[in-house]
Amino acid sequence: MEKKIYISCDMEGCAGVTSWEQTHYGHKGYDLALKEMTRETVAAVKACQQAGYQAGYQVTVKDGHEDGINLDPALLPAGTELIQGWDSSPEEMMAGISADYAGAIHIGSHSPAGSSETPLDHTVEHGWYSWVKLNGELASEFTFNSLCAAQYGVPSLFLAGDAGICRRAEDFCPGIVTCATKKGVGSATVNKSPQEVAAGIATGIKEALAGPGGLPLLADEYLLEFCFSLAGRVRAASFYPGAERAGERIVSYRAKSIMELLTAKMFMTEI
């Protein structure tokens with residue numbers, strides 16, 4: 001039976017990416033940041049294909065940065081399925097994930113909004129929130145992405161990103177293998193070389209594919225909290241059915257399932 005691996009990739013957690021300007025198309029440093037995002041994604045795809053040669057791994061890549069149209073399909077290894085753009089579903093960066101996949105891999109991941117482990121801390125949208133929390137803990141994009149996969153029984157096998165998100169991922173999904181690309185120090189980053197990162201991704205994925213991966217501990221209820229930066233977004237989110245104002249800038253929602261959680265997040269943030 002053909003086995004499938006799902007790779008969700010982002011830019012802010014890649015080696016050498018330090019400023020917001022680098023993450024926007026047409027701005028200073030974007031071309032170099034995209035080159036590194038591509039290098040790390042290609043390293044992940046090749047590692048899956050090589051490790052799974054006898055098992056027949058098929059790799060799906062989701063371009064998860066900004067408009068979702070960054071990666072050049074021609075630069076990806078042959079046989080790669082690429083999902084670009086946004087499918088307007090609550091699964092967002094995990095669009096197309098299903099129980100057919102043997103595992104999920106996360107490339108370019110970054111620490112969450114409200115953390116101090118990267119100058120690019122954010123969750124979903126930079127500048128919209130002071131923080132996002134799930135069941136009382138700071139929530140990263142990886143938090144939601146790994147839960148999205150877990151609802152289908154798909155473990156998160158591997159993550160590459162800043163040192164902060166690596167630590168958080170290991171706590172949230174025991175068994176996941178990680179590779180730190182850099183660490184944040186104030187408004188700076190201390191980066192590993194691109195060659196070292198690519199090698200670390202290849203080695204880590206080989207190890208991860210031989211293991212069980214990590215599944216987050218699922219809960220009976222999920223308390224989602226947004227601390228918005230703008231009063232208008234506080235008011236807009238508070239109109240979502242079941243949402244509650246919990247403070248001047250805080251709106252909360254209690255979900256009974258992962259899909260309910262992801263749906264509320266999508267509509268409460270207007271994304």
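Predicted model: local features only at pLDDT ≥ 70, side-chain atom pairs only at ≥ 80, totals over all residues.

Residues are numbered from 1 along each chain as its sequence is written, and side-chain values use heavy atoms, with hydrogens and water left out.

**Exercise 1.** Describe the largest pocket and its lining.

*Solution.* 
1. A pocket is an open set of points on a 1 Å grid over the protein atoms alone, where a 1.4 Å probe fits, with protein on both sides within 12 Å along at least five of seven lines; lining residues have an atom within 4 Å of a point.
2. The volume, meaning the space filled by probe spheres set on the points, is about 570 Å³.
3. The lining comprises 28 residues, and Gly64, Glu66, Trp86, Val124 and Glu125 lie nearest the centre.
4. Helices (DSSP runs of H or I, at least four residues) and strands (E, at least two) are numbered from the N terminus. Both α2 (141–150) and α6 (258–268) supply at least two lining residues; α2 has the largest share, four residues.
5. By class, 10 are nonpolar, nine polar and nine charged.

**Exercise 2.** Describe the second largest pocket and its lining.

*Solution.* 
1. Its volume is about 340 Å³.
2. Of the 17 lining residues, Leu134, Glu137, Leu138, Thr143 and Phe172 lie nearest the centre.
3. Two or more lining residues come from each of β6 (137–138), α2 and α3 (163–172), and α3 gives the most, six residues.

Definitions and conventions: Nonpolar A, V, L, I, M, F, W, Y, C, P; charged D, E, K, R; others polar.
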